[in-house]
Amino acid sequence: MSTTTAGAFPGARQTAEGMMYNGALFQAVIDKCEGCARVRDFEGTQYCSSYPMPASKWSLGNCNFSTHTRVVQTAQGKVNPLKASKRAAKGKGR
Ligand code: SF4
């Protein structure tokens, strides 16, 4: 799941609450982050290189920083996958 990059968090230190890096407390990634290229390993725990609190990032929907979630493209442009799914369920096509 992780991309291990040595030195991804230079100067970071592990604490009981998470990783302290650049004055911010980072919490470990969650299962929804699996496959994202921004996941980095630090002392055996995976953290996001872009956002300190992955769980809250996902709490309102897909993480907008993620590299592994896709937006469906059509000739008309971007389609919200959730709306497309609801439309399909109602039989309205597209
Ligand atoms: S960018 Fe989003 S999906 Fe990717 S690791 Fe960070 S919080 Fe998780």
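This is a predicted model: local features need pLDDT of at least 70, side-chain atom pairs count only at pLDDT 80 or more; totals for chains, interfaces and linings use all residues.

Modeller: Let's start with a term: helices (H or I, at least four residues) and strands (E, at least two) are DSSP runs, numbered from the N terminus. Residues are numbered from 1 along each chain as its sequence is written.

Here is the overall plan. The protein has two helices and seven strands, and along the sequence they follow the pattern β-β-β-β-β-α-β-β-α. S1, S2 and S3 form an open sheet in that order, with antiparallel pairing (two strands pair if DSSP finds at least two bridges between them). Strand S1 (13–14) and strand S3 (24–26) stand at the edges with a single partner strand each, so one side of each has no neighbour in the sheet. Two bridges link S1 to strand S2 (residues 19–21) in the antiparallel sense, and Arg 13 stands opposite Met 20 in S2.

Back to Asn 22 for a moment. Its phi is near 55°, a positive value in a residue other than glycine.

Now for the turn I would like you to look at closely. Strand S4 (residues 39–42) and strand S5 (residues 45–48) run antiparallel and are joined by four bridges. Phe 42 has Thr 45 in S5 as its bridge partner. Two residues lie between the strands of this hairpin, and Glu 43 is found in the loop there. The phi of Glu 43 is near 50°, again a positive value in a residue other than glycine. Glu 43 has 10 C-beta neighbours inside 10 Å, so Glu 43 counts as exposed.

The largest nonpolar core has ten residues, among them Val 39, Phe 42, Tyr 47 and Cys 48. S4 and S5 each supply at least two residues of this core. A nonpolar core here is a set of buried Ala, Val, Leu, Ile, Met, Phe, Trp, Tyr and Cys residues joined through C-beta atoms within 7 Å. In soluble globular proteins, nonpolar side chains tend to be buried together. In the protein as a whole, 16% of the 94 residues count as buried.

Next comes the ligand, which is surrounded by 13 residues (a residue is near a molecule or strand if its C-beta atom, placed from the backbone, lies within 6 Å of it). The closest are Cys 33, Cys 36, Cys 48, Cys 63 and Phe 65. Of these, Cys 33, Cys 36 and Cys 48 also belong to the core. The shell around the ligand divides into nine nonpolar, two polar and two charged residues (Ala, Val, Leu, Ile, Met, Phe, Trp, Tyr, Cys and Pro count as nonpolar, Asp, Glu, Lys and Arg as charged, and the others, Gly among them, as polar).

Contacts carry the picture further along the chain. Setting aside neighbours within four places in sequence, Tyr 51 is in contact with Lys 57 and Phe 65 (two residues are in contact if their C-beta atoms, placed from the backbone, lie within 7 Å). Tyr 51 is also one of the core residues. Trp 58, in helix H1 (residues 54–58), touches Ile 30, Lys 32 and Cys 63, with residues up to four places away not counted. Trp 58 is partly exposed because 17 other C-beta atoms lie within 10 Å.

Gly 7 lies in the segment before S1, and its C-alpha atom is separated by 9.3 Å from that of Asp 41, 34 residues apart along the chain. Gly 7 counts as exposed, with 9 C-beta neighbours inside 10 Å.

How values were computed
A residue is buried if 20 or more other C-beta atoms lie within 10 Å of its own, exposed if 12 or fewer, and partly exposed in between; C-beta atoms are placed from the backbone.
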